Amino acid sequence: MEKIRNNLQTVRERIAAACAAAHRPVEEVTLLAVSKTFGPELIREAHAAGLVAFGENYIQEAVEKMALLAGLPLQWHCIGPIQSNKTRLVAAHFDWAQTVDRLKVAQRLSEQRPEDRPPLSVCIQVNIDGGPSKSGVPPEEARALAQEVARLPRLKLRGLMAIPEPAADFASQKAVHLRTRALFDELRAAGLELDTLSMGMTGDLEAAIHAGSTMVRVGTAIFGKRD
Ligand SMILES: *Cc1c(COP(=O)(O)O)cnc(C)c1O
């Protein structure tokens with residue numbers, strides 16, 4: 001219990017310091033707790049420590065945890081790859097899907113979103129640094145995909161998400177995050193009402209906040225090292 005509380009305080013201090021240095025109000029940055037591989041008891045502790053938004057990569061694992069934590073008012077974000085045969089589970093159980101990178105997946109999520117739930121919030125995942133085997137749409141295809149996704153009735157397009165390769169120093173981390181930011185600004189200038197730029201993790205959240213991130217996804221710094 002104490003450990004998560006202390007870790008969380010350290011993370012909040014990092015976010016606050018980065019916002020101050022970047023001359024941004026701290027309210028602009030949402031902290032998403034990445035709970036993949038950690039059990040429901042730790043999520044319960046994290047909630048007791050003040051966290052409400054949780055990110056999970058493995059859909060089946062996440063759905064099992066959600067069932068065990070059904071009494072808590074948590075917000076669940078899918079941040080792992082979404083295969084077509086998993087869209088029904090994502091549409092039924094999650095509040096957000098941050099890793100949409102194909103129209104087909106977006107269409108299925110929209111069709112399968114249950115009537116009694118609000119539209120599913122989604123981000124387009126962008127492969128901003130061009131890793132050949134990585135998920136995410138190439139930046140040059142992101143505009144067209146975003147325009148199509150924005151028209152799907154049961155989705156609400158919120159913004160962009162990126163997972164760049166780890167970079168050693170602040171300047172190179174910031175440089176790659178600024179490319180995602182530029183794409184985000186471009187889409188907004190083209191008329192899309194986006195409010196979410198999901199980038200930055202334990203190792204690079206400061207650089208991401210300097211580049212304009214509105215949502216940092218933090219696992220290790222809150223829950224400790226994963227096995
Ligand atoms: C695991 C993961 C994170 C959290 O990474 P940490 O380095 O542990 O903070 C964030 N985003 C995605 C997409 C992840 O898979």
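Ala, Val, Leu, Ile, Met, Phe, Trp, Tyr, Cys and Pro count as nonpolar, Asp, Glu, Lys and Arg as charged, and the others, Gly among them, as polar. The views below show parts of a predicted model.

**View 1. The largest pocket and its lining.** The space in the largest pocket comes to about 560 Å³. Its lining is made up of 28 residues, and these divide into eleven nonpolar, eleven polar and six charged. Lys36, Ile163, Pro164, Met201 and Arg217 are the lining residues that lie nearest the centre of the pocket. Two elements, helix H7 (170–189) and strand S8 (215–218), each give two or more residues to this lining. H7 provides the largest share, three residues.

**View 2. Ser198 in strand S7.** Ser198 belongs to strand S7, which covers residues 196–198. Ser198 has a relative accessible area of 0% and is therefore buried. The side chains of Ser198 and Gln98 are joined by a polar contact of 2.7 Å. Besides Gln98, Ser198 touches Leu160, Met161, Ala162, Met215 and Arg217, leaving aside residues up to four places away in sequence. Arg217 is also one of the residues nearest the centre of the largest pocket.

**View 3. Helix H5 and what covers it.** Helix H5 spans residues 103–112, and its buried residues are Val105, Ala106, Leu109, Ser110 and Gln112. Among the elements covering these buried residues are helix H4 (87–93) and helix H6 (139–150). Strand S4 (96–100), strand S5 (120–125) and strand S6 (155–161) are also included in the cover.

**View 4. Arg154 in the loop between H6 and S6.** Arg154 sits in the loop that lies between H6 and S6. With a relative accessible area of 17%, Arg154 is buried, because buried means under 20%. A polar atom of the Arg154 side chain lies 2.6 Å from the backbone oxygen of Pro114. Not counting residues up to four places away in sequence, Arg154 touches Ser110, Arg113, Pro114, Glu115, Arg117, Pro118, Pro119 and Leu120. Ser110 is one of the buried residues of H5.

**View 5. Strand S2 and its partner S1.** Strand S2 covers residues 53–56, and all of them are buried. Ala53 and Gly55 point one way from S2, whereas Phe54 and Glu56 point the other way. Strand S1 (residues 30–34) runs parallel to S2, and two bridges join them. Gly55 in S2 stands opposite Val34. From C-alpha to C-alpha, Gly55 is 21 Å from Arg154 in space, and 99 residues separate them in sequence.

Notes
Residues numbered from 1 in each chain as written. Predicted model: local features only at pLDDT ≥ 70, side-chain atom pairs only at ≥ 80, totals over all residues. Heavy atoms only, no water. 1 Å grid on protein atoms, 1.4 Å probe; cavity = no way out; pocket = protein on both sides within 12 Å on 5 of 7 lines; lining within 4 Å. Points joined across faces, edges and corners; volume = space filled by probe spheres on them. Helix = DSSP H or I, 4+ residues; strand = E, 2+ residues; numbered from the N terminus. Buried < 20%, exposed > 50% of the residue type's maximum accessible area, 1.4 Å probe, protein only. Contact = heavy atoms within 4.5 Å. Polar contact = N/O pair within 3.5 Å; in protein donor to acceptor, adjacent residues only side chain to side chain. Pairing = 2+ DSSP bridges.
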